[in-house]
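Q: Could you take me through the aromatic pairs of this structure, one step at a time?

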Amino acid sequence: MKAQTPLIQVEGLKKYFPIRKSLRGVTGYVKAVDGISLTIDRGEIFGLVGESGCGKSTIGRSIINLIAPTAGRVAYNGTALFDVENKTAMDKKTMAALRRDLQIIFQDPFASLDPRMNVGAIISEGILKHRLMPRRDAIDRAGQLLELCGMDASGLYKYPHEFSGGQRQRIGIARALALNPSFIVADEPIAALDVSVQAQVLMLLQELKEQFGLTYLFISHDLGVIRYFCDRVGVMYLGSMAEMGSSEALFSNTLHPYTKALFSAIPVEDPTEKRERILLHGEIPSPADPPPGCKFHTRCPQAVQRCREERPQLIEAEPGHFVACHLVHP
């Protein structure tokens, strides 16, 4: 039987932001994403986790071509959106049409909504832009989406500042659903919300996934949420992938020293249970000047000389479980 083509294929993705000095021009680059490869299957929730500044959001925005990549290739359903090495990219007209299938939910539900537009205009904007239906029908569709996301359709004529944070995030979700997408980048969609509201939004995202057959790239720094919500997980450190596998495999058989330290901070349900807390010493290196070899070696308590000289590759340690560590692959 022929293997199913992943919905999203990412190969060697890099995004470097230039550092400019007024008189000297470009003096260096911030290596926000530095050679990431992954696949996301149709109907899957793929989680990205890591410390702030590790490049999670940049990956999400690069995949759907909101920001231009420096290198690498991304394909959607087998069709390349861009391939920097071969100097090919989808033309603007085709890419604009494909945006219906590729949507994003932003982290800050207030900053991502235009304060000068009412909710009906915000949700229906994409429908009208793609000329999918007349304005009156588009507003009716916006009301249906608002109700689908647990809000009253009477909110269509209100403005973002009249809603709570959780309600604004639901509006952002309704906007993402307006064009019937297949793939949604959920960029820390619950980070700015209260804990009780976080659970409601997660349940909503799960229900919508099942109802519409959605595929998510779910970006978060909350390990508890990642464990509960995601099918597969990628752990990032300083723009690179440290470990990747199924949620069950990662949390039951953690391999990378960084992942172990990260997971040791998860609160345990049983207060009597003893767990070793792994404390990392030293500062996170600058992405503008990453260390040679393994990027984690400056903070890794198990680092050897090879770690300081040679960058480890992401290798399959067990079926479906990948890790980039010389200690796992001596």
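A: Here is a friendly walk through the aromatic pairs.

This is a predicted model, where local features need pLDDT of at least 70 and side-chain atom pairs count only at pLDDT 80 or more, while totals for chains, interfaces and linings use all residues. Residues are numbered from 1 along each chain as its sequence is written, and side-chain values use heavy atoms, leaving out hydrogens and water.

The structure holds six aromatic pairs. Rings of Phe, Tyr and Trp (its six-membered ring) pair if their centres lie within 6.5 Å; planes under 30 degrees apart count as stacked, over 60 as edge-to-face and the rest as tilted.

One of the pairs joins Tyr216 and Phe229, which are stacked, at 6.3 Å centre to centre with 25° between the planes. Because Tyr216 lies in strand β9 (residues 215-220) and Phe229 in helix α7 (residues 223-229), this pair ties together parts that are 13 residues apart in sequence. Helices (H or I, at least four residues) and strands (E, at least two) are DSSP runs, numbered from the N terminus.

Tyr216 is buried, with a relative accessible area of 1%, and Phe229 is buried too, at 3%. Buried means under 20% relative accessible area, exposed over 50%, and partly exposed in between (1.4 Å probe, protein chains only).

Another pair is Tyr258 with Phe296: the ring centres are 5.4 Å apart and the planes at 65°, so this pair is edge-to-face. Tyr258 lies in helix α9 (residues 257-263) and Phe296 in the loop between α9 and α10 (305-309), so the pair ties together parts that are 38 residues apart in sequence. Both Tyr258 and Phe296 are buried.

Finally, back to Tyr216: ring pairs link Tyr216, Phe218 and Phe229 into a cluster.
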